[in-house]
Amino acid sequence: MEFRQIFYFIEVAKREHVTKTAEALHVAQSAISRQITLLEAELGVSLFTREGRNVKLTHMGRLFLKHAERGLKEFDKAKQKIQEHLNPEIGKIHLGLSTGLAIQTLPIVLSQFNMDHPNIQFQLHQGTLSYLTQFIENDGIDIAFASPLPKKHPFVDSHILFTERMVAVLHSEHHLANQTSILLKQLAEERFITFRRGMALQELFRDACQQAGFNPIISFEGEDMDTIKQLVSAGFGVAILPENTVTYNLPPDVVTVSLEDPTVIRNVGLLMPKSRELAPSEKLFFNFIIEFYDRLT
């Protein structure tokens, strides 16, 4: 089985047409047909059936395509890793960002890193904490900004960059809006606007409410910080948000109040794989992030 055979097979499977594939690859149609015939002979199954001028994948063809594409991606990734080891100043970093994590300094970090290392590219992936950890396990991403960080995980390591307090976000006409700090249990009868179930910030919020002795009444669930702020402004309820996220885009009729008993704190940091070493370009970025946030503390 040759790489060329697998490559031709995947390209024909995409287009479902041998002639169009040959034209796109600037290769003789007979050459593509021959390589696929040799591949089928080695596998002992038919990968395509003919429907007029088109071809369709057989059941075995669909099964083989799934693994062939995965193998081709791994081959490309291996080539990329070798090139990065030869030259750390090139490559692509697959960077994760957990949903609901608004880091005001992140654009500054990326901008400054890009100035020093202009040939390193980024591809951003956003999702829940569980999505990011699974993606790291499956080699889909290399480094992720996340919060809160998992305490123990068999395949994912973590590094804390900073911690921040959670604050109450209230309408300016709320009866507690003029307080410098409040107890969380003072909001027990309020309607809360929070992140959707399954997101780390809602879990943190629910744990805090449980410590304060009540189950929260949730009126809205969302994914976007600014939307939650606007809903507070519109009078749909109160919210508990990280203090750094309310330093910008806060509506004029919304205020923040410190929370006490319990003091709710979240860790913000990096996730990375335990089972494999970061590539040189990824190490450059990782060390840059650590140094950047060390200077801020």
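The questions below ask how the terms used for this predicted model follow from its values.

Residues are numbered from 1 along each chain as its sequence is written, and side-chain values use heavy atoms, with hydrogens and water left out. As this is a predicted model, local features need pLDDT of at least 70 and side-chain atom pairs count only at pLDDT 80 or more, while totals for chains, interfaces and linings use all residues.

Q: What is the mean pLDDT of the chain, and where is confidence lowest and highest?
A: pLDDT is the predictor's confidence in each residue, from 0 to 100. The mean for the chain is 88, and 98% of its residues reach 70 or more. Confidence is lowest in helix α4 (residues 59-86), at a mean of 82, and highest in strand β7 (residues 181-183), at 95. Helices (H or I, at least four residues) and strands (E, at least two) are DSSP runs, numbered from the N terminus.

Q: How do you know that the span of helix α1 agrees with its number of residues?
A: The expected span of a helix is 1.5 Å times one less than its number of residues. Helix α1 (residues 3-15) has 13 residues and should therefore span 18 Å; its end C-alpha atoms are 19 Å apart, which agrees.

Q: Which residues of α1 are buried?
A: They are Q5, I6, Y8, F9, I10, E11, V12 and A13. Buried means under 20% relative accessible area, exposed over 50%, and partly exposed in between (1.4 Å probe, protein chains only).

Q: Why is A68 called buried, and what is it in contact with?
A: A68, in helix α4, has a relative accessible area of 9%, so it counts as buried. Contact means heavy atoms within 4.5 Å. Leaving aside neighbours within four places in sequence, A68 is in contact with I6, F9 and I10. The C-alpha atoms of A68 and F9 are separated by 8.8 Å, although the two residues are 59 residues apart along the chain.

Q: What makes E16 stand out in phi, and why is it called partly exposed?
A: E16 is in the loop between α1 and α2 (18-25). Its phi is near 55°, a positive value in a residue other than glycine. Most residues other than glycine have a negative phi. The relative accessible area of E16 is 28%, so it is partly exposed.

Q: Why is H17 called buried, and what does its side chain reach?
A: H17 lies in the loop between α1 and α2, and its relative accessibility is 10%, so it counts as buried. A polar atom of its side chain lies 3.3 Å from the backbone nitrogen of K20. Beyond four places in sequence, H17 is in contact with V12, R53, N54 and V55.

Q: How do you know that H94 and H125 make a polar contact?
A: A polar contact is a pair of N or O atoms within 3.5 Å; within protein, one must be able to donate a hydrogen and the other to accept it, and residues adjacent in sequence count only if both atoms are side-chain atoms. The side chains of H94 and H125 are joined by such a contact of 3.2 Å. H94 lies in strand β3 (residues 91-98) and, at 18% relative accessibility, counts as buried.

Q: Why is strand β8 called largely enclosed?
A: Four of the five residues of β8 (residues 191-195) are buried, so the rest of the structure largely encloses this strand.

Q: How do you know that β8 pairs with β9?
A: Two strands pair if DSSP finds at least two bridges between them. Five bridges join β8 to β9 (residues 217-222), and the strands run parallel. The bridge partner of F195 in β9 is G222. From β8 the chain crosses through helix α7 (residues 200-212) to β9 in a right-handed β-α-β crossover. Right-handed means that, with the strands pointing away from the viewer, the path from the first strand over the helix to the second runs clockwise.

Q: Why is Q202 called buried?
A: Q202 lies in helix α7 and has 2% relative accessibility, so it counts as buried. Its side chain and that of R206 are joined by a polar contact of 2.7 Å.
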